[in-house]
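Open the model in your viewer and keep the selection tool at hand. This tour goes from stop to stop, saying what to select and what is there.

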Amino acid sequence: MSRLPESLSIEIIDLITNIEGDVPQIVSKNLVAGGCINRAMCIQTAESKYFLKYNQAGRFPNMFISEKEGLNLIAQTGRFRTPKVIGTGEDASQAWLLLENVEEGYIKTGFWENFGTSLAEMHRETESVFGLNHNNYIGSLPQSNRFHDSWSDFFIYERLEPLLALARETGLIDSKLNNQFSNLYKAIPSIFPSEPPSLVHGDLWNGNFLCDNNGKPCLIDPAVYYGFREMDIAMSLLFGGFDKCFYDAYNESFPLVSGWKYRVEICNVYPVLVHLNLFGKSYLAQLRATLEMF
C-alpha cells in the first residue's frame, strides 16, 4: 500500500469513519497518475471507494475549499452528477479534499446528447451579475471572480488582464503583443451578445468530465462562476472538441446566438493565456493568430 503522511492518514480515517459508522478496514491505497497539480489517491475500504486529493498546506490557499463549493454548486442544479464531497481540511503540513470515487463506465449511444442537453440546462441557471461570491482556481492559477454588471468588463478585468499582467511580469509576451490586447479590449463590447450570466463549469475540456458506470456525464475539477455561456462551449473545442452530437443537442435545447463560431477564438484567449502562463511560449503562436484579427 502507498503511504500517506501520518497526520493526513488520521484525518482521512476519521472522515471515513463518520461515513461508514465504524473504523474502516482499509483494503488498498493506490496513488493515481495524471494529476499535475495535486497528489491523488484511491482509497478502498471493505465498504466503499474514495478519491483523495492532497498537497502541501498553503501552497494553493483555499483551492480545495473552492473546489468543494464549485462541485456542490453544480450538483445543486440537478443537471449533472459530480463526485460527492466527503470532507476537506488543512493542518500544519497538508491540505486535502476527500471525494466519493466515481466508477467509470463506457460512453454509449445517447451520452453526448445527454451531455449537451444537461449543459444547456445548467447554463439556464442565472444570476443578476457576472462573477461569484468567492474566488477560485483554474488549474493552479488563482481566478478572480469579482462582480461586474457587464460581461465585457468581467472578461477584461477578471479574466484577461490578470493573466496578461502575469505574462508581462515573467517576460512571456513582448510589447507588440501587449499592444494588440489593447485593440482587443476596445473591440470586446461589440463582439459579445447581451445575455444574462450563466453558471459555467469554467474549465470544460476532455479531462474534466467522466462517463460514470450508468453511462452518464459526471463533471469534475470545476472553475465555476456566472459568466458568458459560450466560454464552456469554446473551451470544449480548444483541444479537438467533443462529439458533434453534443453541440447539436446543446443548440437544440438552448440555441447559441448567431456568430458563436467566430467568438470561440475570442473566448479561448483566456484558456490560452492560462496555458501560456503555466506551460510557456509554445502557446504564443495561437495567441498571436487570434490577436491579429484586431
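Predicted model: local features only at pLDDT ≥ 70, side-chain atom pairs only at ≥ 80, totals over all residues.

**Stop 1: the largest pocket**

Select Lys 53, Gly 207, Asn 208, Ile 220 and Asp 221. Of the 46 residues that line the largest pocket, these lie nearest its centre. The space here is about 1200 Å³. Now colour the elements that give two or more residues to this lining: β2 (39-45), β3 (49-56), α2 (63-76), β5 (94-100), β6 (136-138), β9 (209-211) and α9 (269-279).

**Stop 2: Asp 221**

Stay with Asp 221, one of the residues nearest the centre of the largest pocket. Asp 221 sits in the loop between β10 (217-219) and β11 (225-227). Check its backbone. Most residues other than glycine have a negative phi. Phi of Asp 221 is positive, near 45°. Is Asp 221 buried, partly exposed or exposed? Its relative accessibility is 30%, so Asp 221 counts as partly exposed.

**Stop 3: Asn 62**

Next, select Asn 62. This residue is in the loop between β3 and α2. Asn 62 also has a positive phi, near 65°. Its relative accessible area is 52%. The cut-off for exposed is over 50%, so Asn 62 is exposed.

**Stop 4: the second largest pocket**

Move on to α2 and the second largest pocket. Helix α2 gives the largest share of this lining, with 4 residues. Select the whole lining: Glu 69, Asn 72, Leu 73, Gln 76, Glu 127, Gly 131, Leu 132, Asn 133, His 134, Phe 147 and Tyr 226. About 160 Å³ of space lies inside. By class, the lining has 4 nonpolar, 5 polar and 2 charged residues.

**Stop 5: helix α6**

Select residues 230-237, which form helix α6. How many of its residues are buried? The count is 7 of 8, and the helix is mostly covered. The buried ones are Glu 230, Met 231, Asp 232, Ile 233, Ala 234, Met 235 and Ser 236.

**Stop 6: the cavity**

Keep α6 selected. The structure holds 1 cavity of 30 Å³ or more. About 70 Å³ of space lies in the largest cavity. Which element gives the most to its lining? Helix α6 does, with 3 residues. Helices α6 and α9 each supply at least two.

**Stop 7: a pair of helices**

Finish with helix α4 (residues 151-169) and helix α5 (residues 175-191). Two packed helices are described by the angle between their axes and the distance between the axes. Here the angle is about 175°, and the axes are 11 Å apart. Angles over 145 degrees count as roughly antiparallel, so α4 and α5 are roughly antiparallel to each other. Now show the side chains at the contact. From α4, pick Ser 152, Phe 155, Ile 156, Leu 160, Glu 161, Leu 164 and Arg 168. From α5, pick Asn 178, Phe 181, Leu 184, Tyr 185, Ile 188 and Pro 189. This contact has 9 nonpolar, 2 polar and 2 charged residues.

Methods. Residues numbered from 1 in each chain as written. Heavy atoms only, no water. Buried < 20%, exposed > 50% of the residue type's maximum accessible area, 1.4 Å probe, protein only. 1 Å grid on protein atoms, 1.4 Å probe; cavity = no way out; pocket = protein on both sides within 12 Å on 5 of 7 lines; lining within 4 Å. Points joined across faces, edges and corners; volume = space filled by probe spheres on them. Nonpolar A, V, L, I, M, F, W, Y, C, P; charged D, E, K, R; others polar. Axes fitted to C-alpha atoms, helices over the stretch in contact; angles between N-to-C directions. Parallel < 35°, antiparallel > 145°, perpendicular 65-115°, else oblique. Contact = heavy atoms within 4.5 Å.
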